[in-house]
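Here are my notes for you on this two-part question: what joins the chains, and what sits elsewhere. Please have a look at the model first.

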Amino acid sequence: MNALRTFLTLLVAGSCTLVARAQMASADDYFNRAGKQYVKEDKAAALRTLDQGLRQYPGDPRLLKFAEELLKDEQQKQKQQQQQQQQEQQQKEKEQQQQQQQQEQEKQQREQEQQAEEKEQDPEQMKAQPGRIAPQDARRILDALERNEKDVQAKVRERLRPTRRVPVQKDW
Amino acid sequence: MRGLIVIAVIGLVACGDAHERAVETALRTGNAHYDRQRFTAADSAYATGPLDPRLLHNRGDAEYRLATWDSAVAHFSHAAELSANPIDQARSYYDLGDARLRQAHWADSLAHALDGTINGIRIEGDDIAKKVELFVQRDSLQRQRNGLDHLVDSALTEGAEQFKNTLRRTPQDEDARHNLAIAQRLIAARPKNPGGNGSNKKDEKKELSERAKLIMKRADELVEEHKFQEALEVLEQGLKQDATLQKEKEYMDKLGVVTKAARAT
């Protein structure tokens, strides 16, 4: 009786293992599926399948070779992208430098013009006269205007976000 | 007969009263939570009432505060549908447009954040399995990023449409006009997807001769059966007989890669 029970247990366990093995995809299955996906769909789908396959069969030479082949042009693409990004970055930096230089030049020019104007005016004229603005006042006004311009720009940026009315009248 | 009519009228009034009372109760409870900034509780309280545009709108509003854009959009939209009054409708359309614009902004920020992660993934080194894993990871992020891009486009387009709906009902609404202008500016600034590649490919397929099409069909069948080597041979033989098969060079190259890998031991 005991022997029969043992035999039945072994039989059930054996058939369960067989079923499980039959359900588990083989390395060939993964290779074939990935091959079909690569030819008919796209490389990404094939690599997803290869990823699953390699998790189950890490050393399978066909899966590894296939993945290596598919990743070949990926590395080239990556290199190209890196180069492009570097070029873009360099271009940006160059433009920023040029802008800074230009701004500095303009500033220097303005200062020189101002100094020249101040020299031309005699001390009497340096004092504020009705209807005329003294140079130091003009500077202050220009600074204020610049500040004001910055405020306006900030407000414009603020308004670029969608405005929202006061919270909904919840009771209507 | 007269008695029946009276009973029916009383019944209707009583029902109406009950509906209105339930709405008011839900509004009152919800508003109490809302005023204390307890938006989740407010949303739940509004949800206890019957179907009513005011409750739907307020649910949308609480969800807007919680930044759960999908639900907010759904409730504002439902509220606008059910509202009989054009002013109420305009209000729901306005908030719907606003929620859509915020959703677009949220998706755009997330997409830019993802860009940093995607660009940071470098597929390099000697471990092939690791490289495959990294590729799959990056591809998955890239697909999520593309989805976000799509969401930004659709949210901006729909947002603009809802501000137009608001203006159709309340043409004097300057906020809606302002937001519509913003939405349109943002739509114009979006990068355009280069199209036309797919249709070109189709056109190329059309240029295959009848004989080449038959050969391709046979190769396709062999690929379906995972007979990659045979499929490649069929195409190589076919190319000798029909030059139009040259247009399927990419297909052949791919088969070449698969058969090369299949020989690995």
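This is a predicted model: local features need pLDDT of at least 70, side-chain atom pairs count only at pLDDT 80 or more; totals for chains, interfaces and linings use all residues.

1. Residues are numbered from 1 along each chain as its sequence is written, chains are lettered from A and ligands numbered from 1 in the order in which they are written, and side-chain values use heavy atoms, leaving out hydrogens and water.

2. The contact (heavy atoms within 4.5 Å) draws 46 residues from chain A and 55 residues from chain B. Between the two chains about 4,800 Å² is buried, with carbon and sulfur atoms giving 58%; buried area is the accessible area (1.4 Å probe) that two parts lose on being put together, summed over both.

3. Five salt bridges are counted between chain A and chain B, each a side-chain nitrogen of Lys or Arg within 4 Å of a carboxyl oxygen of Asp or Glu. Lys40(A) and Asp220(B) form a salt bridge, with 3.6 Å between the closest N and O atoms.

4. Which helices of chain A each supply at least two residues of the side that touches chain B? They are helix 2 (27–40), helix 3 (43–56), helix 4 (61–120) and helix 6 (135–160), helices being DSSP runs (H or I, at least four residues) numbered from the N terminus. Helix 4 of chain A gives the most, with 16 residues.

5. By class, that side of chain A has 18 nonpolar, eight polar and 20 charged residues. Here Ala, Val, Leu, Ile, Met, Phe, Trp, Tyr, Cys and Pro count as nonpolar, Asp, Glu, Lys and Arg as charged, and the others, Gly among them, as polar.

6. Over all chains, the count comes to 31 salt bridges. Arg102(B) and Asp98(B) meet in a salt bridge at 3.3 Å, N to O. Because they are four residues apart in helix 5 (residues 86–120) of chain B, Arg102(B) and Asp98(B) are separated by about one helical turn.
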